Amino acid sequence: MITVNPDGKIMVRRCLVTLRPFRLFVLGIGFFSLCFLMTSLGGQFSARRPGDSPFTIRTEVLGGPESRGVLRKMSDLLELMVKRMDTLARLENSSELHRAAGNGHFAVDRFAPGAGLMERIQAIAQNVSDIAVKVDQILRHSLLLHSKVSEGRRDQCEAPSDPKFPDCSGKVEWMRARWTSDPCYAFFGVDGTECSFLIYLSEVEWFCPPLPWRNQTATQTAPKPLPKVQAVFRSNLSHLLELMGSGKESLIFMKKRTKRLTAQWALAAQRLARKLGSAWRDQKQILVHIGFLTEESGDVFSPRVLKGGPLGEMVQWADILATLYVLGHGLRITVSLKELQSNLGVPPGRGNCPLTMPLPFDLIYTDYHGLQQMKQHMGLSFKKYRCRIRVIDTFGTEPAYNHEEYATLHGYRTNWGYWNLNPKQFMTMFPHTPDNSFMGFVSEELNETEKQLIRGGKASNMAVVYGKEASIWKFQGKEKFLGILNKYMEIHGTVYYESQRPPEVPAFVKNHGLLPQPEFQQLLRKAKLFIGFGFPYEGPAPLEAIANGCVFLQSRFSPPHSSLNHEFFRGKPTSREVFSQHPYAENFIGKPHVWTVDYNNSEEFEAAIKAIMRTQVDPYLPYEYTCEGMLERIHAYIQHQVGGPSALCPRDGGWGLPQTPSDQRRGSSQLHCLGKLSPCRALCPVNSCSCSSQFPFPADAGGGGELGDAGVSCSSPAPSPGLGAPGVTSSRAQPPTTTQKHGPLFLF
């Protein structure tokens with residue numbers, strides 16, 4: 001009988017402890033082998049088509065010999081490990097046996113665990129070998145089936161020579177070389193075969209004709225359009241405040257503004273509803289993507305909201321959201337790239353593929369940052385759906401910068417141009433160009449009681465300076481004209497500061513610090529004058545001041561500021577010359593509410609101050625900047641700027657430009673001959689007319705009609721791609737008439 005002493009038990013336990021890490025190692029090898037087996041089958045478990053089972057093995061098997069070779073190497077490796085471990089175990093057991101025999105004992109328990117472990121390793125090796133055999137059989141069968149299918153479809157999977165699809169063969173060549181450059185191709189089923197290229201290019205994109213052997217039912221069946229729903233005015237904005245989200249100071253500011261104006265929006269909706277009567281209004285599904293608030297664009301505005309930073313963009317976006325919601329449309333709001341991708345249906349990858357579904361939105365409102373993000377992630381769908389996009393563009397985009405061909409040939413390309421959109425898709429803060437659409441914003445409208453209180457509470461010698469950031473007060477020469485102003489008025493400022501008074505603000509200025517909007521409104525209601533230093537350009541504050549009974553005094557620019565001579569405008573897609581800080585206030589409001597003078601002329605400046613102190617003005621707000629005016633304007637855009645075929649969107653809704661109220665009042669077109677390259681916007685303010693693309697340029701043969709009445713004779717109009725078209729030459733000998741070759745290049 002063999003006895004086992006305690007020393008033998010200790011040896012067994014040590015042996016088990018010694019082998020435990022090895023057990024874990026072998027288990028890891030087995031798990032790694034299984035994972036490597038699944039990933040080595042030529043990509044059979046990846047890049048599957050939408051809807052495929054995750055365990056579906058397709059017949060287009062790639063890398064069969066490589067997969068079998070990998071399995072053989074794994075099996076050989078495990079067998080070699082078994083042999084070496086068996087040798088090591090025998091040597092170890094032999095040494096332990098000799099030591100135990102020297103002590104007169106045999107550690108019989110030492111051998112059982114080692115033997116069992118060796119059996120498990122051998123079993124793993126045998127299983128891997130069996131799997132290798134089975135996979136080899138599957139691969140052989142799949143390759144045989146694939147070769148038969150390939151022989152049957154060899155003629156059907158060659159790029160067709162179809163004049164209707166001239167780019168097909170070139171796109172197939174591109175796919176052969178670069179289909180692995182973006183995972184989105186594999187997401188749509190591209191696996192490197194000719195058939196997968198043609199399927200993708202004919203069913204996902206549209207460069208190749210449909211393959212006759214494919215099931216065309218799924219590809220040709222377009223989703224049924226949703227039944228039309230009538231838009232109903234809304235007066236409760238609580239759900240809108242939820243849609244706007246939170247977490248950013250900019251969003252908090254926008255929500256506060258919307259909440260403060262809720263009563264005015266509700267009253268304006270009632271007024272517009274009475275105007276429209278029972279007219280049907282289609283409810284649109286609208287996506288609003290505020291690109292400049294995304295982290296990917298830097299979001300430089302949110303951190304500056306509480307430090308006196310610019311708020312004009314956020315004022316406008318808050319009013320746009322309120323307008324769309326009050327008009328009764330379906331609204332989705334995104335302020336992150338991830339949210340944008342989810343709402344659009346962007347496939348996984350780098351943005352080279354079309355969307356995974358038809359665009360679920362009738363309109364998309366965004367800015368230049370959002371426009372760039374959509375172009376990067378929508379692939380060809382961006383070109384297909386771009387006519388649904390509306391770009392909120394503060395200073396506007398001129399056709400010469402927007403038109404790709406013209407901008408390239410004539411040096412008009414900037415970082416913000418080159419989009420080939422219809423110029424009306426760019427929507428500005430002020431109506432400074434008929435080339436674009438006027439979006440605008442709203443100012444708070446006073447009732448009669450509030451106006452009476454303002455008339456009785458105005459201080460005739462109080463001025464407020466336009467500028468919340470200390471950098472604005474660095475204006476060269478401000479001491480001179482502020483000294484003159486200080487002789488007649490008490491000057492107040494609202495400049496942000498943390499602990500110490502900004503050194504840029506003169507000591508005689510009473511600085512209130514950054515004020516909340518309601519307190520700032522109260523300050524304006526007491527003041528007589530609101531004075532600007534020349535910057536910022538075209539903001540909402542001057543209109544708010546005028547609406548609260550202030551006179552706005554601004555500087556005249558000589559020479560005018562533009563992208564040619566001023567850093568602020570450099571790179572913007574416009575060559576417009578700005579003759580004052582706020583051209584809209586100067587040209588469309590004017591005296592007595594707006595005074596524009598030369599700040600470098602002390603006599604002119606002082607005379608203006610004296611005249612303003614003698615002038616009595618009432619609060620004034622142009623209709624287009626009331627809640628009702630903005631609701632009416634955006635309603636017209638939404639109902640009439642979508643629909644009809646268009647060269648911009650041949651497979652989608654096109655453009656039908658709405659008549660503006662001025663078009664409706666005029667009722668007919670009138671022909672004016674201007675000087676060389678003189679824009680319509682330079683003539684109409686003087687001649688009490690308005691510019692409109694509703695009335696095409698008349699090309700009357702023989703000089704009849706309107707051309708004949710204007711003393712112009714022409715026989716054969718010729719298309720021209722220049723900015724001077726449409727028009728006529730200055731030659732008297734039967735001058736040819738030129739028509740605009742590029743519609744989007746039409747210049748007002």
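## Aromatic rings in a predicted model

Tyr-625 is buried, with a relative accessible area of 0% (buried means under 20%, exposed over 50% and partly exposed in between, with a 1.4 Å probe and protein chains only). The model is predicted, so local features need pLDDT of at least 70, side-chain atom pairs count only at pLDDT 80 or more, and totals for chains, interfaces and linings use all residues. Residues are numbered from 1 along each chain as its sequence is written, and side-chain values use heavy atoms, with hydrogens and water left out.

**Ring pairs**

- The structure holds 36 aromatic pairs (rings of Phe, Tyr and Trp, the last by its six-membered ring, with centres within 6.5 Å; planes under 30 degrees apart are stacked, over 60 edge-to-face and the rest tilted).
- Phe-430 and Tyr-625 form a tilted pair, because their ring planes meet at 45 degrees, with centres 5.6 Å apart.
- This pair links distant parts of the chain, 195 residues apart: Phe-430 is in the loop between strand 5 (426-428) and strand 6 (437-438), and Tyr-625 in the loop between helix 22 (602-614) and helix 23 (627-640) (helices, H or I of at least four residues, and strands, E of at least two, are DSSP runs numbered from the N terminus).
- Phe-430 is buried too, at 1% relative accessible area.

**A cluster**

- Phe-395, Phe-535, Tyr-537, Phe-557, Phe-568 and Phe-569 are linked into a cluster by ring pairs.

**Charges over rings**

- Lys-171 lies over the face of Phe-207, 4.5 Å from the ring centre (NZ of Lys or CZ of Arg must be within 6 Å of the centre and within 35 degrees of the ring normal).
- Arg-281 has its charged end over the ring of Phe-233, at 4.1 Å from the centre.
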